[in-house]
Amino acid sequence: MHKSRNKNQPRAGARDALPAHRPAHVRSISVPQAQVGSRNEGEASESGEGELEPTPARTGELYVVATPIGNMEDVTLRALSVLAGADVILAEDTRVTSKLLDRHRVARKLLTLNEHNESQMLASVLERMAHGERIALVSDAGTPAISDPGARLVSGVRAAGGRVTPIPGPSALAAALSVAGVGEEPVMFCGFLPSKKEARRSRIGELHTIPAALVFFEAPHRVQETIDDLAQIAEGTRRLVIARELTKMHESVHECAVSDAPDWLAGDPNRLRGEFVLVLHAAATEARKPADWEPVLAALLEELPLAQAVKLACKATGAPRNEVYPRALELSRAAQDHD
Ligand code: SAM
């Protein structure tokens, strides 16, 4: 089926104008060929002496292409170039992807790849790649394989030795993190929580002790319950960022203590509308309690060189050198910064 010519193929006459290594059926709009899938400009095939190098045989490739999460202009030039140069585009919902392609005047063959047929599609994708085809994978919005179909396909293709290339761009995950103000905290992406109350609460119970900012995707019909559960289970002072409808007309980003979030949400029914990313900042780490020997060490450091102060502190208090020495380094650095 994939060998058949579609309405976007150029007529026979036009075919002659294309470089020999490019099958005519892959182009319907003008795309600079060197850019399609190139990792950088250095991959163009012209040699330094101005002669063309022999054209390599085309190898198949799977491109994982990020598409907008709302604002249709958030598509990269490279994504459009790859989509326009693909032999086939695998789309989660072909109607959704058609709208994006129409808007950017890209006309390519579309096939459905969703959670129901992902495993079956692997064999036909590998076969296409063996014939040198370029295959683009997109989801309805954002980056495929992030809480979206595609993970099994990319693993399968790589396991079979195929080349899989990311075409990065929008993702609700990165967009929310970019405005959440997560600094040095580690970040854990948790995807969607379970929909059943008991399972969801138990999962939050497991996650909330992890010393990291936690990122959740959430749907409008569940966001209230999820925020209620977070407020009940996580430490109330943790900051929660509620990122809603990112890149869309009603975009909003609200931050508050997680214990205040249910009331804030209840304050306006519009706050429950749209798509959500929740970023629960890490719990504030408790101030470190100084060890009993620290005042002795600090007093000695004021009078003696570091090595001597460490030696005497260990002798006087019985504290282990492997704890005293690093602390002495910290204290003397802090004293130098203070001076
Ligand atoms: N793979 C996609 C990505 O990289 O953005 C995510 C797909 S997941 C099925 C859809 C979820 O992403 C939504 O339920 C919501 O939690 C989040 N999401 C998608 N678009 C969003 C937006 N514009 N604003 C906020 N969250 C969004």
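Colleague: Which exposed residues does α3 carry on the face turned away from its buried side?
Modeller: In this predicted model, that face of α3 carries Arg 95, Lys 99 and Asp 102, which are exposed.

Colleague: And which residues of α3 are buried?
Modeller: Helix α3 spans residues 94-103, and its buried residues are Thr 97, Leu 100 and Leu 101. They lie on the same side of α3 because they cover an arc of only 95 degrees around the axis.

Colleague: What covers those buried residues of α3?
Modeller: The cover includes helix α2 (77-85), together with β2 (88-91), β3 (110-112) and β4 (134-138).

Colleague: Which residue takes a positive phi just after α3?
Modeller: That is Arg 105, with a phi of about 55 degrees.

Colleague: Turning to β10, how many of its residues are buried?
Modeller: Five of the five residues in β10 (residues 276-280) are buried, so the strand is mostly covered.

Colleague: How are they divided between the two faces of β10?
Modeller: Phe 276, Leu 278 and Leu 280 are buried on one side, and Val 277 and Val 279 are buried on the other. In a regular strand, side chains alternate between the two faces of the sheet.

Colleague: In what sense do β7 and β10 pair, parallel or antiparallel?
Modeller: Strand β7 (residues 213-218) pairs with β10 in the antiparallel sense, over five bridges. Within that pairing, Leu 214 has Leu 280 of β10 as its bridge partner.

Colleague: And over how many bridges do β8 and β10 pair?
Modeller: Strand β8 (residues 239-244) and β10 pair over five bridges, in the antiparallel sense. Ala 243 stands opposite Val 277 of β10.

Technical notes:
Residues are numbered from 1 along each chain as its sequence is written. This is a predicted model: local features need pLDDT of at least 70, side-chain atom pairs count only at pLDDT 80 or more; totals for chains, interfaces and linings use all residues. Side-chain values use heavy atoms; hydrogens and water are left out. Buried means under 20% relative accessible area, exposed over 50%, partly exposed in between (1.4 Å probe, protein chains only). Helices (H or I, at least four residues) and strands (E, at least two) are DSSP runs, numbered from the N terminus. The arc is that of the directions from the helix axis to the C-beta atoms. Contact means heavy atoms within 4.5 Å. Two strands pair if DSSP finds at least two bridges between them.
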